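Hi,

Here is the structure I said I would pass on.

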Amino acid sequence: MPAKRQSNDRNTTKWRKKEKRGESAVMNPDIEDAVVRSALSEAWKEKTSYSHGGVELDCDPFRHCRIQNFIHSQGFAQNLRDELLQLSFHNKSNDLYKFKQVTRPACFPESLIFVQFRSWLAEVLGVDLEPTVDISCAKYEHTDVLLCHDDELEGRRVAFILYLVPSWDLSDGGTLDLYSTDEHYQPVNIAKSLLPSWNTLMFFEVSPVSFHQVAEVLAEGKCRLSLSGWFHGPSLPRPPRYVEPLLPRRTHIPRDENVLFEWVNETYMDPLYQAQVQQEFEANSEIRLPNFLQEEKFKQVSEALRLAEVQWERRGPPNKRCYAHAELQSLPACLKECWDLLSSEPFFLLLSNLTGLSLHYLAVGDEENESDSQGDESDAEKEERNNQEGQGTSSAASSNEKQDKGPPMCVGELRRWAHGNYTLLHDSVEREFALDLLLHLGCKGWKAEFGGFTSYIAHDEDEELLTVYPEDNSMALVYRDKETLRFVKHINHSSADQKDAAFYDFSFTYYE
């Protein structure tokens, strides 16, 4: 901490020396013109477009404004960039983003943002903006990204980004993408992509429809440097949050137990080996089972995924997920049989034997153990227990609770993962006890740095509990509680080096 504090003091001292040499942080005087301010204010109020010189306001898909040459002195802007690049940036990475950041850098010009621009912005927008301003410096380099979100947080009213980038092309990525929304105020598609450019400031109103992203940076050797943050003020009214329908859950499919011997590696059919797996699973709440499908079946499924005309449908919305899932009606026979295997009654029983969970009525569970222990009771102990149960009816209550849960169920998807795909944590994510199954296919040679791995984290915590990496013909079983969440990390551009640049998984979740 002391070293960091000294570094900031040194940067501040350098900045003051620059100001003493006559360099000043002043906004472009063109935007201070009374006529421009009045016209821009009227256009903002009426939600119409406006353009004058280096100022451009557009209201599609939501109100946003671009100001070129925001800092009047080019020398000042260049010195600011140089100072920022000398700071110690911290890696930031989670489900939503990957980039480097410095929070409230000591060398940024406070008077420019906190006084001049805030005053100008409050007048143009006709909004009382609070003195408090959040600001940070972000550095996006190759494969860095900030995925679709709306910036909404209590008190945030206007977002801004000041770009201090070198010459930038569309092929470099890193655009600011603005999304259109549907009738439920959910993002749909990218409606507009804005290229970052030197000394240009973007600002937009934070609202229920202000969905945007920083597209992945594709350029190598270039740095997308920016100062960004939020001005605070009264929040805009928000409609009730849309609750999307969940995928339908189903009970098991009746099948003969021979389906297991046809499809599953015989190692996992051995009762003694099942007991070993169960012991490890109960200790760790997760296990990986390599070579799960029999070799011939694995080859058939892999070939069907590679050659068959499966109908893939994009699954969104992009503020929650982006990947393709298969239309079940389009699956060829081999893939449909594999789907039915994972949904079948014998497979529910196999999962029970591998995990100790009560996913089938034939599974040995806690109730049988309790019954066995009661068989060892003396007559006096039985009488005492019966008296207690008669008063508290605890056994009946426990039985009713199990009956209320209904039969074990599952929900599943066959998913295709490629560059740009991901899932995000969100408010409407399910929060209940469940067993996750991931059976990866077609991922030979896949590397961790590509993304596409599944991360499990504790609710409201950044620490990762578990990571499941794609591995061919490997089945992962993970038991999660109500406080455990999961996401699939964004697949970045480096995956293009992969031959097919895509892999698949059967993703099922089972509920007791």
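First off, keep in mind that this is a predicted model.

I started with strand S6, residues 133-140. Seven of its eight residues are buried, so the strand is mostly covered. S6 has strand partners to go with that. With S5 (residues 97-103) it pairs in the antiparallel sense, over four bridges; within that pairing, Val102 has Cys137 as its bridge partner in S6. With S13 (residues 224-232) the pairing is again antiparallel, and here eight bridges join the two strands. One to click on there is Val133, whose bridge partner in S13 is Phe231.

Most residues other than glycine have a negative phi, and most peptide bonds are trans, so I went through the exceptions.

Two cis peptide bonds:
- Asp60 and Pro61 are joined by one, with omega about 5°. Pro61 sits in the loop between strands S2 (55-58) and S3 (64-67).
- Gly316 and Pro317 are joined by another, with omega about 0°. Pro317 is in the loop between strands S15 (312-315) and S16 (321-326).

Two non-glycine residues with positive phi:
- Arg104, at about 45°, belongs to the loop between S5 and helix H4 (110-125). Its relative accessible area is 42%, so Arg104 is partly exposed.
- Asp151, at about 70°, belongs to the loop between strands S7 (145-149) and S8 (156-163). Asp151 counts as buried because its relative accessibility is 8%, and the cut-off for buried is under 20%.

Cheers

Terms used
Residues are numbered from 1 along each chain as its sequence is written. This is a predicted model: local features need pLDDT of at least 70, side-chain atom pairs count only at pLDDT 80 or more; totals for chains, interfaces and linings use all residues. Side-chain values use heavy atoms; hydrogens and water are left out. Buried means under 20% relative accessible area, exposed over 50%, partly exposed in between (1.4 Å probe, protein chains only). Two strands pair if DSSP finds at least two bridges between them.
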